[in-house]
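Q: I'd like to learn how to read salt bridges in a model. Can you walk me through it?

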Amino acid sequence: MKISKKLLASVLGSALFVTGPISFINPTKALAAENEVVNISEFSIENSISTANTHSFSLVRSNDVIDVDIQYLEDSVIVNTITNGTEVSTFTYNNNDDFAMVNGEKMYLKFNEPNFVIDSENTLLPEISTLATPSDKPVFVSPGNIEFSKEVSSIGLMVTVIGGVIGLANLMGVSLPNKIVEKKVADWLSVVGLGTTFALSTMKGSFTYGLYRTTDKFYTGYPGSVNSYQYKFRYEDMAIKGSLLGYNMSIPFGVIGSWWFQSKPM
């Protein structure tokens, strides 16, 4: 499934919380190594510049410079990278497509949207909380994820793909802070330093997230509407999980979206 426009219309923004560590798990190592946590990326982040709809930065290592430019449009995400001034790669995703384009070729994407069925037909009934103030304590509703797979042959192409997948969060309505985007791309890229060479390899994984609702229903501000009292929703538990070059990676984002109503009352 594609990113549902129903989920996008009411989104109000996101809030920043403390970010978590990045974990690299090498399945060929002993079990004791599976809990190893790596916190330092080999790449530094420089030249960070952003506007309302664009974000550019450079990832720098001793012999490599990867310039990244991300454009967040209303219904699309475009990521361009230039590696060492010569290698150019482009990721493009348009909302309602079930694939992305990377350098003119289709990239596999599969959208598994969360299930909004909460309490059957009672969900939209105008129930008022028995509490003086409705509780916005999060209640887990359903998981969601975006699966991806792409063969990559260079660090620049890998950055293009990961930057594009992370950019899809923007279309979901979760406006990730620029510093978080930069850090997570650099974290993923640091896995390259764990291998001696970088040859053609399939990079696959998923962008995962959870849908949560408030404990109680809240007044929407539309008096007289049949569903003027609704649960509020938000996304939590966002992370990039995947594998490349024999390593499994789990990179949490540590950000939580703001509450929003599912639909405009009628």
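A: Happy to: here K183, K184 and D187 are linked in a network of salt bridges. By salt bridge I mean a side-chain nitrogen of Lys or Arg within 4 Å of a carboxyl oxygen of Asp or Glu. One caveat: this is a predicted model, where local features need pLDDT of at least 70 and side-chain atom pairs count only at pLDDT 80 or more, while totals for chains, interfaces and linings use all residues. Residues are numbered from 1 along each chain as its sequence is written, and side-chain values use heavy atoms, with hydrogens and water left out.

Q: Where do D187 and K183 lie?

A: Both sit in helix 3, four residues apart, about one turn of the helix. Helices are DSSP runs (H or I, at least four residues), numbered from the N terminus. D187 and K184 are three residues apart in helix 3, so about one helical turn separates them too.

Q: Is D187 buried or exposed?

A: Buried means under 20% relative accessible area, exposed over 50%, partly exposed in between (1.4 Å probe, protein chains only). D187 is buried, at 1%, and K184 is buried as well. K183 is partly exposed, at 33%.

Q: Which side chain does E182 meet in a salt bridge?

A: That of K179, at 3.8 Å, N to O. E182 is buried at 1% relative accessibility, whereas K179 is exposed at 57%.

Terms used:
Helix = DSSP H or I, 4+ residues; strand = E, 2+ residues; numbered from the N terminus.
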